[in-house]
Amino acid sequence: MSVVQPLLELQEIDGRIRSLQQEIRDIPQRKAQELERLSGAKEVLERAKAEHKNALVRVSELDLEVKARKEKILSLKQNQVSLKTNKEFQMFNLEIAKIEGDIDSFEARQIAALDDVIPIKHRVAEAEAKLKAEQAVMDVYLTELDVRLAAVQAELAEVEAARVEAAKRVSAPFAQYYERLRSKRWPVVVDLQADGVCNGCHLKQPPSVAQQVRRNQGLVTCQMCGRILYML
Ligand SMILES: [Zn+2]
């Protein structure tokens with residue numbers, strides 16, 4: 001058995017801790033991404049609603065145009081009865097006919113505007129349904145992430161407890177060296193390949209280093225990256 005065996009066991013636990021910590025860091029990002037996706041669906045809905053509102057405003061504006069002209073005609077007709085000459089009477093008729101023509105045109109536009117409202121209303125309904133569906137999917141996913149987070153945190157607590165025990169089995173010089181290096185290089189303990197190459201940085205070690213590793217008596221490190229070397 002290699003002299004670094006207890007350290008290898010500690011390193012394996014630290015590897016697990018690193019990946020659990022990474023997952024804990026990633027979960028809020030995954031949640032944020034999910035919420036971001038939902039904001040897209042919300043935007044589509046808001047745009048459709050605004051379009052719908054504008055379409056209704058156009059219809060009611062045209063309605064006001066028609067009403068104003070109908071009132072104008074009414075007032076022209078009321079004044080017409082008190083006119084003195086036939087010529088004036090004819091002029092009023094011409095004016096009324098012109099306004100009636102305008103009314104026809106506004107009413108035609110109003111019908112077209114009403115036709116526009118229908119597909120927009122459908123788009124609003126579609127966007128609402130899509131948002132609701134996405135919200136439901138997201139709720140499930142967010143719940144899963146919360147469950148996962150709790151499980152990861154629980155596992156991390158267990159693994160950290162196991163680490164305390166594993167660390168006790170590592171001798172002081174190994175432990176000190178390992179702790180100094182592990183925030184800078186990962187993994188710290190690597191095997192020396194049969195051809196004498198460090199499995200961390202891939203530098204071929206001098207024969208003396210390979211010899212020391214083979215002797216399996218103490219701490220031997222790579223001349224390039226400083227990782228602790230061992231032989232399988
Ligand atoms: Zn190396």
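Which residues in the largest nonpolar core touch the most other members? Hi everyone, let me answer that with this model, which is a predicted one. The core has 17 residues, and the ones with the most contacts to other members are Leu 7, Val 189, Ile 228 and Leu 229.

Where do the core residues come from? At least two each are supplied by helix 1, strand 1 (189-191), helix 4 (207-215) and strand 2 (228-230). Helix 1 is the biggest contributor, giving 3 residues. Both domain 1 (5-169) and domain 2 (171-232) provide residues to this core, so it sits between the two.

Let me stay with Val 189 for a moment. Leaving out residues up to four places away in sequence, Val 189 touches Val 4, Leu 7, Leu 8 and Gln 11, and also Arg 227, Ile 228 and Tyr 230.

Now, stepping back to the domains. Their centres, taken over C-alpha atoms, are 59 Å apart. As for contacts, 6 residues of domain 1 meet 8 residues of domain 2. On the domain 1 side, helix 1 brings the largest share, 5 residues. That side divides into 3 nonpolar residues, 2 polar and 1 charged.

Last stop, friends: Lys 42, which is also part of helix 1 (residues 5-80). Is Lys 42 buried, exposed or something in between? Lys 42 has 13 other C-beta atoms within 10 Å, so it counts as partly exposed; being buried would take 20 or more, and being exposed 12 or fewer. From the C-alpha atom of Lys 42 to that of Val 197, 155 residues away along the chain, the separation is 56 Å.

Key
Residues numbered from 1 in each chain as written. Predicted model: local features only at pLDDT ≥ 70, side-chain atom pairs only at ≥ 80, totals over all residues. Helix = DSSP H or I, 4+ residues; strand = E, 2+ residues; numbered from the N terminus. Core = buried A, V, L, I, M, F, W, Y, C linked by C-beta atoms within 7 Å. Domains from an automatic or database assignment. Contact = placed C-beta atoms within 7 Å. Nonpolar A, V, L, I, M, F, W, Y, C, P; charged D, E, K, R; others polar.
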